[in-house]
Amino acid sequence: MKREITDLIDRVKADCLVGKPQKRDTIIALLDLEPGSQEYAYLCRAAREAAMVITGKEAYLWGAIGVDFAPCSMNCTFCSLGEAWGIVNHEVSYSEEEIIQQIRQYVSCGVRFIVLRTTEFYSVDTLCQFIKDIRAQVAGEYELVLNIGEFDVQTANKIYESGVSGIYHALRLGEGRDTAFDPAQRNDTLNSVHRSPLKLIHLLEPVGMEHTSEEIADVFLNSLQHGVVISGAMARIPVKGTPLGEKPQVSDQRLAQIVAVTRLCGGKSVPDICVHPPSKEAVMAGANVVVVERGAVPRDGSVAEELWNGFDCQKAKDLLTECGYEVVQKRDQER
Ligand code: SF4
C-alpha cells in the first residue's frame, strides 16, 4: 500500500473529525483511487470509523413516495418519466388519502425521513395542503421532505411553514448536458433552500461510468457551498428506452468509494450520508441512511406498487444493524 496515500487518508480523517474542509485536489485524489485496491479498502475503513464517531452509531431510513407517475417534459436522459422516451403509457397520481396511508406505513416501520417526490411541475400549493393534513393526521417521530421542481425563497419559506423540514434538490452530474436544465437554475433553487430554514439534502447523482472524479468533486463542493446536511451518492440505474439506458451501472465499489469521500470530506457539517441503491459495501464505507421507495420511481418504467426492488424496511434495518448501527426515528428538533 502506498504510504503517501495512507498518510493522506489519515490526515483527511483527522480533519473530518475536527470539521476541517478539504481542497478540490484532495477530493479528486481520493476519488481517483482504484476501486477494489488496498488504498480503496483503507479509505472505506477510515470513512466507516469517522461515521461511527460522527453519527454516534445512529442510522436512519429514508422512505420516498413517488407521488405522480406522469410524463415529464424536462426529459432528463436518465429518467424513465421523460415524456420523449415514451415509457410512461398511463398516468397515476396518488390521492391525499393514498399518500397518508403510505406515510402511516412508513412511520409504523421506523422511517425517519419521509419524502414526497414529484415530477417537475407538480403544484406546490397542493403539496403544502397535503403536508398540513399529513401533520394533522399522522402522529409520530418523522420528518417530511419534498423533492420537487424549482422554486424561489418565498416558496421555500411557504413550504417550511406548511410543515416540511427539508428539501431534496441536486445539481445533477451532467446537468445541462444530460438534462435540459440550466445549471444556474438548479443553483438558484439550492440558494432558495439555503436562505430559508429548510435543510438541504443533496446526493451526488445519478453517478454513472460517464462521470469523472473532477466532475463529482465539483458537484460535491457546490453542494457544500449550499449548506448540504445529508450527502452521499446515488447510482444511475440504466433504464431501457432512455438515452443513457444502454450505459452500464457503476459498481458497488465505485459507489461505496464516492460515499466514503462524502463522509470524510463532508466532515461534521454533513452528519448523515446516504447511499442508493443500498449495499453493504457502501454502509461499511460511511453511509448511515438507506432508501426504501414506492410509487413513481425515475429508475423504473412502471409504478412500484410495492417497495421498489423488494427492498423493504426490514431489509433496510437488517442491513444497517448488521453494519453496527442502531436504527432511530426522530422528529425534526427545530420544530
Ligand atoms: S428527473 Fe425529474 S425533471 Fe428530469 S425528467 Fe425525470 S421527473 Fe422530470
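Tutor: Let's start with a convention for sorting residues: Ala, Val, Leu, Ile, Met, Phe, Trp, Tyr, Cys and Pro count as nonpolar, Asp, Glu, Lys and Arg as charged, and the others, Gly among them, as polar. Please keep in mind that we are looking at a predicted model.

Student: How do the residues of the shell around the ligand divide by these classes?

Tutor: The shell has five nonpolar, two polar and two charged residues.

Student: And which residues surround the ligand?

Tutor: You will find Cys72, Met74, Asn75, Cys76, Cys79, Thr119, Glu120, Arg172 and Phe181 around the ligand.

Student: What does the UniProt annotation say about residues 55-268?

Tutor: An unreviewed UniProt entry annotates that stretch as "domain: Radical SAM core". In the model, the span is 36% helix and 19% strand, and its end C-alpha atoms lie 9 Å apart.

Student: How should I read a cavity?

Tutor: Rolling a probe the size of a water molecule over the atoms shows where empty space is left. Here, a search of the whole structure gives one cavity of 30 Å³ or more. The volume of the largest cavity is about 660 Å³. Its lining has 39 residues, with Arg117, Asn147, Arg172, Glu205 and Pro298 closest to the centre.

Student: Which strand gives the most to the lining of the largest cavity?

Tutor: That is β1, with three residues. Strands that each supply at least two lining residues are β1, β4 (113-117), β8 (204-207), β9, β10 (272-276) and β11. By class, the lining has 22 nonpolar, eight polar and nine charged residues.

Student: Now the open kind of space: how much lies in the largest pocket?

Tutor: The largest pocket holds about 240 Å³. Of its 15 lining residues, Arg112, Lys199, Pro271, Asp272 and Lys330 lie nearest the centre. Helix α3 (38-55) and strands β1 (58-66) and β9 (228-235) each contribute at least two residues to the lining. The classes here are six nonpolar, two polar and seven charged.

Student: What kind of peptide bond joins Glu205 and Pro206?

Tutor: A cis one, and the angle to read is omega, about -15° here. Pro206 sits in strand β8, and Glu205 is among the residues closest to the centre of the largest cavity. A cis bond also runs from His276 to Pro277, with omega near -5°; Pro277 is in the loop between β10 and α10 (280-283).

Student: Is Asn309 buried or exposed?

Tutor: Compare the relative accessibility with the cut-offs: under 20% is buried, over 50% is exposed. Asn309 has 64%, so it counts as exposed. Lys57, at 44%, is therefore partly exposed. Cys323 has 1%, so it counts as buried; this residue lies in the loop between α11 and β12 (326-327). The C-alpha atoms of Cys323 and Val283 are separated by 6.8 Å, although the two are 40 residues apart along the chain.

Methods. Residues are numbered from 1 along each chain as its sequence is written. This is a predicted model: local features need pLDDT of at least 70, side-chain atom pairs count only at pLDDT 80 or more; totals for chains, interfaces and linings use all residues. Side-chain values use heavy atoms; hydrogens and water are left out. UniProt positions are given in the numbering used here, feature names are shortened, and annotations may be inferred rather than shown by experiment. Helices (H or I, at least four residues) and strands (E, at least two) are DSSP runs, numbered from the N terminus. A residue is near a molecule or strand if one of its heavy atoms lies within 4 Å of it. On a 1 Å grid over the protein atoms alone, a cavity is a set of points where a 1.4 Å probe fits but cannot get out, and a pocket is an open set with protein on both sides within 12 Å along at least five of seven lines; lining residues have an atom within 4 Å of a point. Grid points are joined across faces, edges and corners, and a volume is the space filled by probe spheres set on the points. Buried means under 20% relative accessible area, exposed over 50%, partly exposed in between (1.4 Å probe, protein chains only).
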